[in-house]
Amino acid sequence: MVNFEYSSGATPLDQDEIEGLKLGHITTRDELNRFEQDNINDALQWLGSRRKSDILTEKFIRKLHQKMFGKVWRWAGEFRKSGKNIGVDWHKIQTELHVLLGDVRYWIDNKTYSEDEIAARFHHGLVWIHLFPNGNGRHARLITDVLLKEVLNKESFTWNISSINFENEVRDLYLKALRQADNLDYSALLDFVRADWKQ
Ligand SMILES: Nc1ncnc2c1ncn2[C@@H]1O[C@H](COP(=O)(O)OP(=O)(O)OP(=O)(O)O)[C@@H](O)[C@H]1O
Ligand SMILES: [Mg+2]
């Protein structure tokens with residue numbers, strides 16, 4: 001059996017999900033991270049070369065997850081079918097996603113918030129629902145950048161990218177900002193997403 005350690009705010013995998021690992025030779029978290037990152041790099045290439053279509057759809061959201069993790073996990077692109085310590089009841093994932101997508105479209109059409117705030121609220125909504133068994137953070141950060149660039153005509157967020165993938169104070173600040181957003185205060189998240197505090 002493979003045993004992984006989890007960084008704070010990351011979702012533990014169920015036994016079922018661990019069995020969904022396509023690459024049987026992986027034994028350490030480091031190796032897994034490397035294979036996932038290679039797969040994500042493929043997804044970035046695909047994103048750049050694909051024919052542009054509406055991204056605010058369930059279809060695109062699942063497809064992007066599949067492109068990011070499909071070489072590593074059998075369940076890539078499929079919604080969660082079990083409860084987690086975070087996220088909505090898994091039976092409600094599809095409904096909650098459709099509500100979020102409707103809200104985002106409404107905010108864009110009516111200019112309810114600034115572009116950055118629409119993107120930050122979209123990001124938080126996705127991770128709060130927690131669509132997939134794993135990869136939610138990376139997927140929701142990437143698709144938020146796609147929303148900024150392709151729909152809102154803005155630069156991607158920085159996400160403090162030089163540090164966020166590691167267990168450190170910056171990641172703690174990201175998680176703290178998300179917990180504040182759980183309580184409907186988006187100010188810390190808005191500060192975080194455009195900062196770049198090099199470690
Ligand atoms: N209190 C919270 N409210 C909203 N979202 C949260 C909260 N705590 C954690 N999250 C989100 O859940 C993500 C972890 O979920 P998951 O393990 O599925 O994603 P990941 O892509 O594998 O992780 P990582 O972000 O570490 O790369 C975090 O990155 C964060 O975006
Ligand atoms: Mg994870």
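Mentor: Start with burial: a residue is buried if 20 or more other C-beta atoms lie within 10 Å of its own, exposed if 12 or fewer, and partly exposed in between, with C-beta atoms placed from the backbone. Keep in mind that this is a predicted model, where local features need pLDDT of at least 70, side-chain atom pairs count only at pLDDT 80 or more, and totals for chains, interfaces and linings use all residues. Residues are numbered from 1 along each chain as its sequence is written, while chains are lettered from A and ligands numbered from 1 in the order in which they are written.

Trainee: Why is lysine 111 called exposed?
Mentor: Lysine 111 has 9 other C-beta atoms within 10 Å, and the limit for exposed is 12 or fewer, so exposed is the label. Lysine 111 sits in the loop between helix 4 (93-110) and helix 5, and has a positive phi of about 50 degrees although it is not a glycine.

Trainee: What makes asparagine 153 count as exposed?
Mentor: Asparagine 153 has 8 C-beta neighbours inside 10 Å, so it counts as exposed. Asparagine 153 is in the loop between helix 6 and helix 7 (169-182), and its phi is positive too, near 55 degrees.

Trainee: How do you know that the span of helix 6 agrees with what it should be?
Mentor: Helices are DSSP runs (H or I, at least four residues), numbered from the N terminus. The expected span is 1.5 Å times one less than the number of residues. Helix 6 (residues 136-151) has 16 residues and should span 22 Å; its end C-alpha atoms are 21 Å apart, so the two agree.

Trainee: Which residues of helix 6 are buried?
Mentor: Among them are His139, Leu142, Ile143 and Leu147. The cover over the buried residues of helix 6 includes helix 3 (58-69) and helix 5 (115-129).

Trainee: Why are helix 2 and helix 3 called oblique?
Mentor: Helix 2 (residues 29-49) and helix 3 pack at about 130 degrees, axes 6 Å apart. Angles under 35 degrees count as roughly parallel, over 145 as roughly antiparallel, 65 to 115 as roughly perpendicular and the rest as oblique. The pair is therefore oblique. Axes are lines fitted to C-alpha atoms, for helices over the stretch in contact, and angles run from 0 to 180 degrees between N-to-C directions.

Conventions:
Helix = DSSP H or I, 4+ residues; strand = E, 2+ residues; numbered from the N terminus. Contact = placed C-beta atoms within 7 Å.
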